[in-house]
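Please keep the model in view while reading.

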Amino acid sequence: MTSVLIATGQALQRVGLRMLLESQPDLTVVGEAAPGPETVRLSARLRPDVVLLDSRSTDPDTAETVRRIAHAPDGPVSHVLLLTADDDTPPYAALRAGAAGHLPEGATAEELVAAVRVVAAGDVVVSPGLTRALIDAVRNQRTVGGPASGNRLGSLTGRERDVLAAVASGDSNSEIADRLSIAPTTVKSHVSNILTKIGARGRVQAVVFAYESGLVTPSQHVLHA
């Protein structure tokens, strides 16, 4: 069973999310919390596979909540999946802090359930739409990469840079394998090495790093249809 902690300040939304998730045979809701410190405390105590966190809530610092969950002293507690308003730009700081992805409130029930499963499996929700929005966020908010990001980029081999650039395009492992003419298992190994070297929690943070470090730029990015 995949365990989920629902973190939203809206009581009716909690009821709806609980009903949806618990209608699935492989998902169970282990708790509910108000976004912020309560979410951090409950995630540490219950250790759910996924924290479904409403980033539109009254929590003044969603990014800090994500950081404390994703980078707990005794290791990552849970994978964080963010819910945002349809017209919101992606919560850039929270994604950078370690969130595994985000869904707009207009996502279908099937999309939300699928996203929870993907995140619980240790992957991330990176769609072309999310990639496009991330690019906009990076274009508007990023600063030129400093020595630290330059050093981390310099630690990558040429092939690892190629793989990271493909990840920044939103490609799956199989698509990267086809593009670079290597085995999918080799791609998986490269991605794992890249995440370790740049200190990223997952592919979302790798995408952010790729743009912040200057490895790729918005003008170089080619979006999938």
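For the packing described here, an axis is a line fitted to C-alpha atoms, for helices over the stretch in contact, and the angle between two axes runs from 0 to 180 degrees between N-to-C directions. The model is a predicted one.

With that convention, α8 and α9 pack at an angle of about 130°, and their axes lie 10 Å apart. Angles of 65 to 115 degrees count as roughly perpendicular and those over 145 as roughly antiparallel; α8 and α9 are therefore oblique to each other. Their crossing is right-handed. On the α8 side, the contact involves Arg159, Asp162, Val163, Ala166 and Val167, which meet Ile176, Arg179 and Leu180 of α9. Sorted by class, this contact of α8 with α9 comprises five nonpolar and three charged residues, with no polar ones.

Helix α8, which spans residues 158–168, also packs against α11, here at an angle of about 105° and with the axes 9 Å apart. The two helices, α8 and α11, are therefore roughly perpendicular to each other. From α8, Leu164, Val167 and Ala168 take part, and they meet Arg203, Ala206, Val207, Phe209, Ala210 and Tyr211 in α11. Eight residues of this contact of α8 with α11 are nonpolar, one is charged and none is polar.

Another helix pair is formed by α2 (residues 37–46) and α3 (residues 62–70), whose axes are 9 Å apart and meet at an angle of about 15°. Because angles under 35 degrees count as roughly parallel, α2 is roughly parallel to α3. The crossing of α2 past α3 is right-handed. Thr39, Val40 and Ser43 of α2 make the contact together with Thr65, Arg68 and Ile69 of α3. The residues of this contact of α2 with α3 comprise two nonpolar, three polar and one charged.

Attention may now turn to open space. The largest pocket holds about 520 Å³. It is lined by 25 residues, of which Gly122, Asp123, Val124, Gly202 and Arg203 are the closest to its centre. At least two lining residues come from each of α9 (173–180), α10 (184–198) and α11 (203–212). Helix α10 provides the largest share of the lining, four residues. By class, the lining of the largest pocket consists of 10 nonpolar, nine polar and six charged residues. Helices α9 and α11, which contribute to this lining, are also packing partners of α8.

Definitions and conventions:
Residues are numbered from 1 along each chain as its sequence is written. This is a predicted model: local features need pLDDT of at least 70, side-chain atom pairs count only at pLDDT 80 or more; totals for chains, interfaces and linings use all residues. Side-chain values use heavy atoms; hydrogens and water are left out. A crossing is left-handed if the near helix is turned anticlockwise from the far one by less than a right angle, and right-handed if clockwise. Contact means heavy atoms within 4.5 Å. Ala, Val, Leu, Ile, Met, Phe, Trp, Tyr, Cys and Pro count as nonpolar, Asp, Glu, Lys and Arg as charged, and the others, Gly among them, as polar. On a 1 Å grid over the protein atoms alone, a cavity is a set of points where a 1.4 Å probe fits but cannot get out, and a pocket is an open set with protein on both sides within 12 Å along at least five of seven lines; lining residues have an atom within 4 Å of a point. Grid points are joined across faces, edges and corners, and a volume is the space filled by probe spheres set on the points.
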